[in-house]
Amino acid sequence: MCDTLNVSVEEKVAIFLLVVGHGIKMRMIRSSYGWSLEPISRYFNEVLRGILSLCHEFIKLPDPSVVQPEDSKWRWFEDCLGALDGTHVDVLVPLAEQGRYRNRKQQITTNVLGVCDRNMKFVYVLAGWEGSASDSRVLRDAMSRDDAFAIPNGKYYLVDAGYTNGPGFLAPYRSTRYHLNKWAAQGNNPSSAKELFNLRHSTTRNVIGRTFGLLK
């Protein structure tokens, strides 16, 4: 990035941070800076492209050769790199397209796939799918792209029952108590090996839920 005749790099970054960091509308920035919406949008996208060009410097998949620190929750899942799940984010779309973006709760959303490591850091994100799309469909798309989400051999991620259990993905037992709120309501003592596995799985996979919670 570089200065232009009328705007410095610092001003462009300030506009970007006002929009992203504080949720200020571009129309309000127009009244403060005295510019029209077109240059404000152009400066915003210029900074955004610059940040996206740096993404591979800061967002990296976990190195499978690195020994993970000891953690009581993760010790039951050797070679596990983290967890993944889908989350719904509200969007504004034209009326003609709202049917495709309406999820099962009748909200207009986009279904976003997020993958995080053990330390609640995102390592892969795929946004843009309609809210009506299933989580498994979004994951299949992520793994078939040119810049596909890849999992090293012998490693895996924790997933919920909405995904297929297989190489690279470890899902819980179906038709067995799983979610943490059910354990709190019905007592925390598992009554079978499957329930014990699901309890440990749910407690550990909760890392992706907490990561989404911080994001939102």
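Reader: Which residue lies over the face of Trp76?
Author: Arg200 does, at 3.4 Å from the ring centre. Keep in mind that this is a predicted model.

Reader: OK. How many aromatic pairs are there?
Author: The count comes to 6. One of them is Tyr124 with Phe149: ring centres 5.2 Å apart, planes at 35 degrees, so that pair is tilted.

Reader: Where do Tyr124 and Phe149 lie?
Author: Tyr124 is in strand E3, residues 122-130. Phe149 is in the loop between helix H6 (135-144) and strand E4 (156-158). The pair therefore ties together parts 25 residues apart in sequence.

Reader: Is Phe149 buried or exposed?
Author: Buried, at 2% relative accessibility. Tyr124 is buried too, at 13%.

Reader: What about the rings of Phe149 and Tyr157?
Author: Their centres are 5.5 Å apart and their planes at 55 degrees, so this pair is tilted. Tyr157 is buried, as is Phe149.

Reader: Which residues form an aromatic cluster with Phe77?
Author: Tyr173 and Phe197.

Reader: New topic: backbone. What is phi of Met120?
Author: Near 65 degrees, a positive value in a residue other than glycine. Met120 sits in the loop between strand E2 (109-117) and E3. Its relative accessibility is 25%, so Met120 counts as partly exposed.

Reader: And what is phi of Ser175?
Author: About 55 degrees, also positive, and Ser175 is not a glycine. Ser175 lies in the loop between strand E5 (169-170) and helix H7 (180-186).

Reader: Is Ser175 buried or exposed?
Author: Exposed, with a relative accessible area of 84%.

Technical notes. Residues numbered from 1 in each chain as written. Predicted model: local features only at pLDDT ≥ 70, side-chain atom pairs only at ≥ 80, totals over all residues. Heavy atoms only, no water. Phe/Tyr/Trp six-rings, centres within 6.5 Å; stacked < 30°, edge-to-face > 60°. Helix = DSSP H or I, 4+ residues; strand = E, 2+ residues; numbered from the N terminus. Buried < 20%, exposed > 50% of the residue type's maximum accessible area, 1.4 Å probe, protein only. Lys NZ or Arg CZ within 6 Å of the ring centre and 35° of its normal.
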